[in-house]
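This note sets out a few points to follow while the structure is on display. Please keep the sequence beside the picture and locate each residue as it is named.

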Amino acid sequence: MLIYAKQPIYYIIKKYPQKIKTLYLAKDIDKKEYSKLMKMGFEVKRIPSDAAGKMCKNASHQGFLAEVDEYKLHSFNSFLQKDFILVLAGLTDVGNIGAIIRSAYALGVDAVVACGVKKLPLEPILRTSTGALYDMPFSIEQNIHNVLNDLKTSGFTLYGAEMGGEDIRDVEISQKRVLVLGSEGEGLSQRVVSKLDKVVSIEMSHEFDSLNVSVAGAILMDRMRV
């Protein structure tokens, strides 16, 4: 997997240096910093800027690129003993998913399940999560109804985000809880809503259509901490 840009790479260098195979530098850095990187146990290569651009298809790499270990998906069944699970219903935008995973890790979510898709491109999700994907148990399960049934029978209370739901500030939150986020275009299907214990929303101070799903998800995750 290829990641690029300084922030996600330095996050992984700090927390998971063993996952880096090769670090590519396409800019000059401080000699002390370079010497430190050379002692980290992974290969460090200097490359021209145009070569770096080709590697990342001319994305903004900031002079830092790295080949890292593949992310290994977790088993959904291993999540059933946890307390706070996030379920993504039909989300496919890797930028949103990466931002959600980053917020989920910061806000105490124990695991994330992406449903309604056969697979997702993990490389850009790792990048857009700024490396936090390595911190977050992540699973992909195509059938959301089976996932919700399993969570329900395992003692979880199911909360789903929809416009018009009960203000999250007024909702009593259970210890074992699930937050279900729908896709920006379609939200949650009626069949999914029928399986929920509580539909929740964020009360707006001003008239507004909706928030980006990653922003709304972060607010809801924060207010569901117990």
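1. The largest pocket has a volume of about 430 Å³. A pocket, on a 1 Å grid over the protein atoms alone, is an open set of points where a 1.4 Å probe fits, with protein on both sides within 12 Å along at least five of seven lines; lining residues have an atom within 4 Å of a point. Grid points are joined across faces, edges and corners, and the volume is the space filled by probe spheres set on them. Among the 20 residues that line the largest pocket, Ala161, Glu162, Met163, Ser210 and Leu211 are the closest to its centre.

2. The model is predicted: local features need pLDDT of at least 70 and side-chain atom pairs count only at pLDDT 80 or more, whereas totals for chains, interfaces and linings use all residues. Residues are numbered from 1 along each chain as its sequence is written, and side-chain values use heavy atoms, with hydrogens and water left out.

3. Which elements supply at least two residues each to the lining of the largest pocket? They are strand S8 (157-167), strand S9 (177-182), strand S10 (198-201) and helix H8 (213-223). Helices (H or I, at least four residues) and strands (E, at least two) are DSSP runs, numbered from the N terminus. By class, the lining of the largest pocket has 10 nonpolar, 7 polar and 3 charged residues. Here Ala, Val, Leu, Ile, Met, Phe, Trp, Tyr, Cys and Pro count as nonpolar, Asp, Glu, Lys and Arg as charged, and the others, Gly among them, as polar.

4. The second largest pocket holds about 170 Å³ of space. Its lining includes Ala89, Gly90, Cys115, Gly116, Ile144 and His145. Ser183, Glu186, Gly187, Leu188, Ser189 and Val192 also line this second largest pocket. The classes in this lining of the second largest pocket are 5 nonpolar, 6 polar and 1 charged.

5. Helix H8 deserves attention again for its buried residues, which are Val213, Ser214, Ala216, Gly217, Ala218, Leu220 and Met221. Buried means under 20% relative accessible area, exposed over 50%, and partly exposed in between (1.4 Å probe, protein chains only). The cover over the buried residues of H8 includes strand S5 (84-89), helix H4 (94-106), S8, S9 and S10.

6. In strand S8 one also finds Thr157. Is Thr157 buried or exposed? Thr157 counts as buried because its relative accessibility is 19%. Apart from neighbours within four places in sequence, Thr157 is in contact (heavy atoms within 4.5 Å) with Ser174, Lys176, Arg177, Val178 and Asp197.

7. An open sheet is formed by 4 strands in the order S1-S4-S2-S3, with mixed pairing. Two strands pair if DSSP finds at least two bridges between them. Strand S1 (2-4) and strand S3 (43-46) stand at the edges with a single partner strand each, so one side of each is left without a neighbour in the sheet. From one strand to the next, the twist averages 20°.

8. Strand S2 (residues 20-25) runs parallel to S3, and 4 bridges join the two. Tyr24 stands opposite Lys45 in S3. Helix H2 (residues 31-38) packs on the sheet and touches S2 and S3; the direction of H2 makes about 140° with that of S3. Axes are lines fitted to C-alpha atoms, for helices over the stretch in contact, and angles run from 0 to 180 degrees between N-to-C directions.

9. Tyr10 belongs to helix H1 (residues 6-15). Tyr10 is partly exposed, with a relative accessible area of 21%. Not counting residues up to four places away in sequence, Tyr10 touches Glu33, Leu37 and Phe64. Tyr10 and Gly131 are 121 residues apart in sequence, yet 8.9 Å apart in space, C-alpha to C-alpha.

10. Two residues call for a check of the backbone. Most residues other than glycine have a negative phi. Lys57, in the loop between helix H3 (49-55) and strand S4 (64-68), has a positive phi near 55°. Thr130, in the loop between helix H5 (122-128) and strand S7 (138-141), also has a positive phi, of about 55°. Lys57 counts as exposed at 75% relative accessibility, whereas Thr130 is buried at 9%.

11. As for the whole, the protein has 8 helices and 10 strands. Of its 226 residues, 49% are buried.
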